[in-house]
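Thanks, everyone. I have one structure to go through today, and I will keep to the fold. Please have a look at it first.

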Amino acid sequence: MARFIDIPPQRVPADTLCALLEEFASRDGTDYGSRELSLEEKVAQLRGGLDSGAMKLLYDSDSEHWDLVDRDRAAALFAEDGA
């Protein structure tokens with residue numbers, strides 16, 4: 001079973017966070033709407049989501065992978081994790 005850790009973005013060094021956001025924005029299947037956005041625009045949107053709390057940076061300590069998820073999905077994952 002996955003063990004998720006909510007990583008506060010302000011605790012991640014700026015260059016590391018930028019690299020994480022760039023990697024996420026360039027993943028296959030990442031959809032940003034009806035028009036193509038530049039990598040910088042995608043990263044800015046992701047950063048805005050983290051800053052507003054709409055998105056969460058999660059680390060799965062079992063698989064040693066990280067992901068960005070919306071806050072509702074994060075809440076569901078933590079509810080499953082605590083069950």
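Start at one pair of residues: Met 55 stands opposite Asp 70 in β3. A strand here is a DSSP run of E with at least two residues, a helix is a run of H or I with at least four, and both are numbered from the N terminus.

Before going on, the basis. This is a predicted model, with local features requiring pLDDT of at least 70 and side-chain atom pairs counted only at pLDDT 80 or more, while totals for chains, interfaces and linings use all residues. Residues are numbered from 1 along each chain as its sequence is written, and side-chain values use heavy atoms, with hydrogens and water left out.

Now the sheet. Strand β2, residues 55-60, and strand β3, residues 65-70, are antiparallel and share 6 bridges; two strands count as paired if DSSP finds at least two bridges between them. Asp 60 has His 65 as its bridge partner in β3. The two strands make a hairpin with 4 residues between them, and in the turn Glu 64 has a positive phi of about 60°.

On to β1, residues 4-6, which is antiparallel to β2 and joined to it by 3 bridges. Asp 6 in that pairing has Leu 58 of β2 as its bridge partner.

What is the order of the strands in the sheet? It is β1-β2-β3, an open sheet with antiparallel pairing. Because β1 and β3 stand at the edges with a single partner strand each, one side of each has no neighbour in the sheet. On average, neighbouring strands are turned by 35° against each other, direction ignored. Axes are lines fitted to C-alpha atoms, for helices over the stretch in contact, and angles run from 0 to 180 degrees between N-to-C directions.

Next, the helices on the sheet. Helix α1, residues 14-25, packs on it and touches β2 and β3, and its direction makes about 75° with that of β3. Contact means heavy atoms within 4.5 Å. Helix α2, residues 39-52, lies across β2 and β3 and runs at about 90° to β2.

Finally, the whole chain. The protein has 3 helices and 3 strands, in the order β-α-α-β-β-α from the N terminus. Of its 83 residues, 29% are buried, meaning under 20% relative accessible area with a 1.4 Å probe, protein chains only. Among contacts with a separation of 6 or more, 46% are between residues 24 or more positions apart.

Terms used:
Buried < 20%, exposed > 50% of the residue type's maximum accessible area, 1.4 Å probe, protein only.
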